[in-house]
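Please examine the sequence and the structure before reading on.

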Amino acid sequence: MTTLEDGYFHAVGSELPAMLDGMKLAAVAAALYIIVRCLNLKSPTASPQIVYQDTPLNRYLLKICPMLSKEYIPPLLWGKSGHLQTALYGKMGRVNTPTPCGVRKLLPMQDGATATFDLFEPRGDHSTGDDITMVICPGIGNHSEKNYIRTFVDHSQRQGYRCAVLNHLGALPNMELTSPRMFTCGCTWEFAAMVGHIKRAFPQTRLVVVGFSLGGNIVCKFLGENRSNQDRVLCCVSVCQGYNALRAQETFFQWDQCRRFYNFVLAEKMKKLILSHRSSLLDMSSSRIGDADLSRLCAATSLMQIDDSIMRKFHGYGSLKEYYEKESCVHYIHKVSVPLLLVNSSDDPLIHQSLLAIPRTLAEKMPNVIFALTQHGGHLGFFEGAVLFPQPLTWMDKVIVEYTDAICHWEKNRPACRRSGHQDMNF
């Protein structure tokens, strides 16, 4: 019996190293599988999907703007992950960020608020020889000092554009509120004040309207609210917006693409920003915000809860549904008649795929709209690069300027008798 037991343990002992080697290989294979799946390494690069009507202007734009038709190539090792693109944008903004020099302007509003924007002069002549100003609206809680804004402004300045960047009300550090309200997802008052100031200060300038994320909702809503808002506007570009606030917030409670986690992270940032203005929001006599509202804010774990307890009350909306309905550009964007480029990414973890039916349908029905959908890019990422390190300029930075340059030259070469209004433009 002892001999049999010795033989058994000897056999098992001799096989143990092979078993351990097999387990190691299996672990390595599992890790590689997870990495490949998480980084989406097997996903091929592709040109953006372009939805548009066949018009002379659109044919011209697609011919003159190769960025819209050639492959967008993200960094090989991580750029095909929408989460990593989004995380890198959120943490760093951009790499090797320049520091453009601008002048801060303060604009008193009728309700006592003080809107601010930063003005950056061009660093050379525009290729058309014209005076052109980009009026830029950043993403949620952002301002002119954010790295992705600074990178885009510097690139635009070098191409001959003056840039005016709105600082969302309450977003600037060390800038106190002068009325008991902050920016909301669709309030256009501050953006309208900035645009009005630019038109008065530079009566010969033409405008290019640019909005990032939440800023895209604001600029499209602004243009569609009143036909006069489109006066002297050459075109508009919106990047990574969600179009319908009610539907977007509903999808933020879903766990696919970790959207519920992003909802929590964004809610924490908004809570911190709002609470930094606690005294201003509570102490002013005209405030609609009370201690009970701030208590609900502290307990909130989603943007929808914050909107319900705080944001909708800034403008006196009676319900959350009314707030989202009135502040979404989806109800105004069809009234925009100037050339409009809508850009989204398929792997944007913040924008649900169902929301992309809105720009797609617009581009199919409206001759002035082009919808560009990239396969990769995340939320405001769009980094480009070979293997690991991204380039300082992103695909997003380049395509906006390329598109606006093309529009400027198209408008420059049109007969003078047809420049009086975009309603007569031969799209």
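**Salt bridges in the predicted model**

Aspartate 293 has a relative accessible area of 7%, so this residue is buried, since buried means under 20%. The model described here is predicted. The count of salt bridges comes to 21, and several of them are described below.

**Aspartate 293 and lysine 313**

- The side chains of aspartate 293 and lysine 313 form a salt bridge, with 2.4 Å from N to O.
- Aspartate 293 belongs to helix α10 (residues 291-299), while lysine 313 is in the loop between α11 (303-309) and α12 (320-327), so the pair ties together parts that are 20 residues apart in sequence.
- Lysine 313 counts as buried because its relative accessibility is 15%.

**Aspartate 131 and arginine 162**

- A salt bridge joins the side chains of aspartate 131 and arginine 162, at 2.7 Å from N to O.
- This pair links distant parts of the chain, 31 residues apart: aspartate 131 is in the loop between β3 (114-120) and β4 (132-137), and arginine 162 is in strand β5 (residues 162-167).
- Aspartate 131 counts as partly exposed at 30% relative accessibility, whereas arginine 162 counts as buried at 6%.

**Arginine 259 and aspartate 256**

- The side chains of arginine 259 and aspartate 256 also meet in a salt bridge, with 3.1 Å from N to O.
- Arginine 259 counts as buried, with 2% relative accessibility, whereas aspartate 256 counts as partly exposed, with 35%.

**A network**

- Salt bridges link Arg104, Asp118 and Glu145 in a network.

Technical notes: Residues are numbered from 1 along each chain as its sequence is written. This is a predicted model: local features need pLDDT of at least 70, side-chain atom pairs count only at pLDDT 80 or more; totals for chains, interfaces and linings use all residues. Side-chain values use heavy atoms; hydrogens and water are left out. A salt bridge is a side-chain nitrogen of Lys or Arg within 4 Å of a carboxyl oxygen of Asp or Glu. Helices (H or I, at least four residues) and strands (E, at least two) are DSSP runs, numbered from the N terminus. Buried means under 20% relative accessible area, exposed over 50%, partly exposed in between (1.4 Å probe, protein chains only).
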